[in-house]
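Morning, everyone. Here is the structure for today. Please keep it open while I talk.

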Amino acid sequence: MIRNGLLAKLFSLVFAAFMLAPLVVVVGVAFTPEGFLEFPPSGISLRWFQAILDNPDFIDAAIVSLQLGAASATIATAICIPAGLAIGGGRFAGRDALQALFLSPLTVPTVVLGIAFLRFLSMMGLNGTFGGLVFCHVVIIVPFVLRLVLASVTGLDPSIARAATSLGADGWTVFRRITLPAIIPGVVGGWVLAFITSFDELTVTVFIVNPATTTLPVKLFSHITQTTDPLVASVSTVAILFTVALMLIVDRIYGLDRLLIGEGTR
């Protein structure tokens, strides 16, 4: 038993090091004073972080990504709350089919989705628009939100809502004061996961953007195809730090364990 425990800890340590090693390299390269990729860096310099401020295209792309991620995650969450309550708490014909429909984007290769979205948005006259981007990202991230909302809904005790109804509470009051507070960890966890997924999405987005709606991942991809310098590493480092800060804030408020498993309030 002790041996198994030590092996499990050793495996976890090696796995964590394997996953974090690329991030360490990216962060290290971002602080190099040289004009080329260098690791370990010969010195410490903020030259390439200053270069971000001197390159308004990256700042504009980051703003688009933040707006896109927030709008897409919010809409997806608004869709998945009633869908999750219906699928997780209801028993009706077509329930499994409805759940499969919401989760189906996970089964389609992203390249296929990108081509399909490009064709659809072109037919609708929305190709390259911010609204078209939001629509596509909502489709992509809905499964992530629904999974956590369903996990929270599964843990609900339906007798509490029935008791509130029997005492005269209407449907909206029951939802606002009982159901939503109980599933809020899954809702917030789904929103955060959806936001990060949308912010980082490249494969589908590259098919449907134009210069006015270029996101940060697309801008980075375009920059890499033209030149390779530490500016890419500095932008990536800022994105990594932003993600870590977001997760720390959420962990401070709700706790990541509750969010990632979508555990409802007991």
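**Aromatic pairs and the helices around them**

Start with phenylalanine 199: it is buried, at a relative accessible area of 12%. Buried is under 20% relative accessible area, exposed is over 50%, and partly exposed lies in between, with a 1.4 Å probe and protein chains only.

A word on the source. This is a predicted model, where local features need pLDDT of at least 70, side-chain atom pairs count only at pLDDT 80 or more, and totals for chains, interfaces and linings use all residues. Residues are numbered from 1 along each chain as its sequence is written, and side-chain values use heavy atoms, with hydrogens and water left out.

Now the overall picture. The protein has twelve helices and zero strands. Helices (H or I, at least four residues) and strands (E, at least two) are DSSP runs, numbered from the N terminus. The C-alpha trace spans about 70 × 60 × 30 Å along its principal axes. Of the 266 residues, 36% count as buried. Take contacts between residues at least 6 apart in sequence: 71% of them join residues at least 24 apart. Contact here means heavy atoms within 4.5 Å.

Next, the aromatics. A search of the whole structure gives eight aromatic pairs. Rings of Phe, Tyr and Trp (its six-membered ring) pair if their centres lie within 6.5 Å; planes under 30 degrees apart are stacked, over 60 edge-to-face, the rest tilted.

Phenylalanine 31 sits in the loop between helix H1 (2–30) and helix H2 (47–53), while phenylalanine 49 is in H2, 18 residues apart. Phenylalanine 31 is partly exposed, at 25%. Phenylalanine 49 counts as buried, at 17%.

Back to phenylalanine 199. Its ring and that of phenylalanine 242 have centres 6.0 Å apart and planes at 40°, so that pair is tilted too. Phenylalanine 199 is in helix H8 (residues 171–200) and phenylalanine 242 in helix H11 (residues 230–253), so the pair ties together parts 43 residues apart in sequence. Phenylalanine 242 is partly exposed, at 34%. Trp191, Phe195, Phe199 and Phe242 form one aromatic cluster.

Now helix H5, residues 110–124. Which of its residues are buried? They are Leu113, Gly114, Phe117 and Leu121. An α-helix has 3.6 residues a turn, so residues three or four places apart point the same way. On the other side of H5, Arg119 and Met123 are exposed. Cover for the buried residues includes helix H6 (130–154) and helix H9 (205–208). After H5 comes glycine 125, with a positive phi near 70°.

Last, the core. A nonpolar core is a set of buried Ala, Val, Leu, Ile, Met, Phe, Trp, Tyr and Cys residues joined through side-chain atoms within 4.5 Å. The largest one has 48 residues. Phe117 and Leu231 are among those with the most contacts inside it. H6 gives the largest share, twelve residues. Leucine 231 touches Trp48, Ala51, Ile52, Asn55, Phe58 and His223, leaving out residues up to four places away in sequence.
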